[in-house]
Amino acid sequence: MKKISFFSLFTTLVMSGCSGQEKTSTKVFENIALVNNIEFYNSKLDQPRFSCGFLLQFNQDTFAVTAKHLLKVIKPEEMKTLSFDNIIKSWSLYPLNRKAEVVVTDSLLNTNKREQLEDKSTFTNDWLIFSLKANHSKVKVLTARATPLVAGEKLYVVGWTRKMESGEQRVYEFEYLKTVGHRILLKEIVVPEQFGGLSGAPLVDVQGAVVGIVSNGTVDPETNKKYFSPCVLNELTSFIENYQKK
């Protein structure tokens, strides 16, 4: 039997461990990412840790933001429209690595009983926005970027994928390609093996200003290539402006 030196065995174990490590960007941000805790009146449907979200400040008010298409995944059959009435009991958010730091939402501001959740057009503006009842977290509240994106600039998604149950927020790196409709098309630089669970996470620039919300993929009509494509903020900020004028 061929002998294996201790050094060879140690090297093999280290290399095996490294090969399984997840790749993340070297860019570091303050703690900004949250995950959702959704409680239903039917507790069997509860989602204590579901996808991502973040806090957004706009004209001195702070809101909680996540992706609208999450409802399509978790809603019961009787939930037809964008309304929580008698179905969702509460919605809170927290940092995955500091579960006691809870953000308690007050109400869903873009509730709309005429908006059918099964309609594809419903998810053009893929965001939910909540007013806050209490914020016990220490995460940084983000602000929206005011200047246009520039082709080739670095952008980052901050959050946790579905398989992550603990640990610090992860940072993934992209390059801005272009905007098509309500979608920001991105070139992948340092990304997870699977994007599932990042929905609702913030897309930020190098300064940490939010520019989009993680949504899904979009096919570029010019090249027929599918890109990872967060949702733009335009309609969200316009909604907030109208809400604050009331």
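Two strands are taken as paired if DSSP finds at least two bridges between them. On this basis, the predicted model contains a closed barrel of 6 strands, in the order S10-S11-S12-S15-S14-S13, and the pairing is antiparallel. From one strand to the next, the twist averages 45°. Val 204 is placed opposite Val 210 of S14.

The protein as a whole comprises 3 helices and 15 strands. Its radius of gyration is 20 Å, close to the 18 Å given by the globule rule for 246 residues, so the protein is as compact as a globular protein of that length. Taken along the principal axes, the box filled by the C-alpha atoms is roughly 75 × 45 × 35 Å. Of the 246 residues, 46% are buried. The accessible surface amounts to about 13400 Å², and carbon and sulfur atoms account for 51% of that area. When contacts between residues at least 6 apart in sequence are considered, 66% of them join residues at least 24 apart.

Antiparallel pairing also involves strands S5, S6 and S8. Strand S5, residues 88-94, pairs with strand S6, residues 103-108, in the antiparallel sense over 2 bridges. Leu 93 has Val 103 in S6 as its bridge partner. S6 pairs in turn with S8, again in the antiparallel sense, over 4 bridges. In this second pairing, Thr 105 stands opposite Leu 132 of S8. In a regular strand, side chains alternate between the two faces of the sheet.

The loop between strand S8, residues 128-135, and strand S9, residues 142-143, holds Ser 137. The relative accessibility of Ser 137 is 12%; the cut-off for a buried residue is under 20%, and Ser 137 therefore counts as buried. The side chain of Ser 137 makes a polar contact of 2.8 Å with the side chain of Asn 135. When residues up to four places away in sequence are not counted, Ser 137 touches Leu 55, Glu 101, Val 102 and Val 103. Val 103, one of these, is also the residue of S6 that is bridged to Leu 93.

Definitions and conventions. Residues are numbered from 1 along each chain as its sequence is written. This is a predicted model: local features need pLDDT of at least 70, side-chain atom pairs count only at pLDDT 80 or more; totals for chains, interfaces and linings use all residues. Side-chain values use heavy atoms; hydrogens and water are left out. Axes are lines fitted to C-alpha atoms, for helices over the stretch in contact, and angles run from 0 to 180 degrees between N-to-C directions. Buried means under 20% relative accessible area, exposed over 50%, partly exposed in between (1.4 Å probe, protein chains only). A polar contact is a pair of N or O atoms within 3.5 Å; within protein, one must be able to donate a hydrogen and the other to accept it, and residues adjacent in sequence count only if both atoms are side-chain atoms. Contact means heavy atoms within 4.5 Å. The radius of gyration is taken over C-alpha atoms; the globule rule is 2.2 Å times the number of residues to the power 0.38. Accessible areas come from the Shrake-Rupley method with a 1.4 Å probe; for residues, only the protein chains shown count as cover.
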